[in-house]
Amino acid sequence: MAGDQPARTDQSLRDRVFEEVKERIISGQLPVGARLHERNLSEELGVSRVPLREAILTLRAQGLVDVQPRIGAFVKPLTARYVAELFDVREVLEPLAACLAATRRTEEQVTDLERYFLEEQRALELDDNKAGSLANAEFHLLILRASDNELLYSIVAPLQTQIQRLFRRTIVSIGESLFHDHGAMLDAIRRQDSARAAQLALEHVAGTRAHSLSLFD
C-alpha cells in the first residue's frame with residue numbers, strides 16, 4: 001500500500017497543474033497565440049517541468065494548445081468552424097445522454113444535479129462567470145455520468161473544456177436562459193421522462209448554437 005502513495009501524489013500534482021494552466025487559458029490570462037514558457041510556468045506554479053509537460057500534452061488532447069516540435073506550445077484559438085463542429089456533435093450526443101440519464105439515474109445523482117443547479121443560480125446572482133462556467137460543466141458531466149454509458153462519456157466529456165472556454169464568453173448574455181433550460185432538464189430527469197429530457201437537451205444545445213457562432217461574426 002505504501003508503494004502506491006507516490007503514484008497518487010504524482011497524479012494529484014499533474015491534475016493540479018493541468019487545472020491551473022487550463023484556467024489561465026479559459027479566462028484569457030494566457031491569450032490566444034501566447035507561448036507556454038515552461039521555465040516561467042514551472043516557477044510560478046512551484047513544480048518541476050515534468051508535470052507541466054504532462055499537463056501540456058493533456059491540454060493539446062483537449063484542443064487548448066498547439067504543440068510545435070522544437071519550438072513550443074501555444075494557446076490555440078477557438079474558430080467558427082470548430083465551434084460549429086462542436087455543436088454538431090453536441091446536438092446528436094447530448095440528447096442521447098439526457099435520455100439515458102432519465103432512465104438510469106440514481107437518487108444520489110439527482111441530488112448532485114440539484115446541487116450544481118443551485119450553484120449556477122448563486123453564480124448568476126453574484127455575476128461570477130468562473131463559478132457559473134464550472135457549475136455548468138459539472139451539470140453536463142453529471143448527466144453524462146448518469147447515462148451510465150462509458151463510451152458516450154469518453155466521447156463527450158473531453159469537449160467540456162472547450163465548452164467552458166466558450167461559455168465564459170457568453171454567460172453574461174445567455175446565463176439566464178441556460179439556467180432556465182437546466183431547470184427544465186433537471187425536472188425531466190427527476191421524473192424519469194426520457195423523451196422530454198432528450199427534447200429539452202436538444203433545444204438547449206440548439207438554442208445556444210447561434211449565439212455562440214455570433215461571437216465570430
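Tutor: Before we start, contact here means heavy atoms within 4.5 Å. Also keep in mind that this is a predicted model.

Student: OK, let's do helices. At what angle do the axes of α5 and α6 cross?

Tutor: Roughly 165°, with the axes of α5 (residues 107-126) and α6 (residues 129-146) coming within 8 Å. An angle over 145 degrees counts as roughly antiparallel, which is why α5 is described that way relative to α6.

Student: Is that crossing left-handed or right-handed?

Tutor: Left-handed, as α5 passes α6.

Student: Which residues in α5 meet α6?

Tutor: From α5 you have Gln109, Asp112, Leu113, Tyr116, Phe117, Glu119, Glu120 and Ala123. Their counterparts in α6 include Ala135, Phe139, Leu142 and Ile143. By class, the contact of α5 with α6 holds 10 nonpolar, 3 polar and 5 charged residues.

Student: What about α4 and α6, at what angle do they pack?

Tutor: About 60°, with the axes of α4 (residues 80-104) and α6 7 Å apart. That angle makes α4 oblique to α6. The crossing of α4 past α6 is left-handed.

Student: Which residues in α6 meet α4 there?

Tutor: His140, Ile143, Leu144 and Ala146 in α6. Facing them from α4 are Arg90, Glu94, Ala97, Ala98, Leu100, Ala101 and Arg104. The contact of α4 with α6 splits into 7 nonpolar, 1 polar and 3 charged.

Student: Switching over to α2 and α3, at what angle do their axes cross?

Tutor: Roughly 110°, and the axes of α2 (residues 38-45) and α3 (residues 49-61) come within 9 Å. So α2 is roughly perpendicular to α3. Here α2 passes α3 in a right-handed crossing.

Student: Which residues meet in α2 and α3?

Tutor: Glu38, Arg39, Leu41 and Ser42 on the α2 side, against Arg49, Leu52, Arg53 and Ile56 on the α3 side. The tally for the contact of α2 with α3 is 3 nonpolar, 1 polar and 4 charged residues.

Student: Last topic, strands. In what sense do β1 and β2 pair?

Tutor: Antiparallel: β1 (residues 65-68) and β2 (residues 72-75) are joined over 4 bridges.

Student: What's the bridge partner of Val67?

Tutor: Ala73, in β2.

Student: And which residue in the hairpin takes a positive phi?

Tutor: Arg70, with phi near 65°. The hairpin of β1 and β2 has 3 residues between the strands.

Methods: Residues are numbered from 1 along each chain as its sequence is written. This is a predicted model: local features need pLDDT of at least 70, side-chain atom pairs count only at pLDDT 80 or more; totals for chains, interfaces and linings use all residues. Side-chain values use heavy atoms; hydrogens and water are left out. Axes are lines fitted to C-alpha atoms, for helices over the stretch in contact, and angles run from 0 to 180 degrees between N-to-C directions. Helices (H or I, at least four residues) and strands (E, at least two) are DSSP runs, numbered from the N terminus. Angles under 35 degrees count as roughly parallel, over 145 as roughly antiparallel, 65 to 115 as roughly perpendicular and the rest as oblique. A crossing is left-handed if the near helix is turned anticlockwise from the far one by less than a right angle, and right-handed if clockwise. Ala, Val, Leu, Ile, Met, Phe, Trp, Tyr, Cys and Pro count as nonpolar, Asp, Glu, Lys and Arg as charged, and the others, Gly among them, as polar. Two strands pair if DSSP finds at least two bridges between them.
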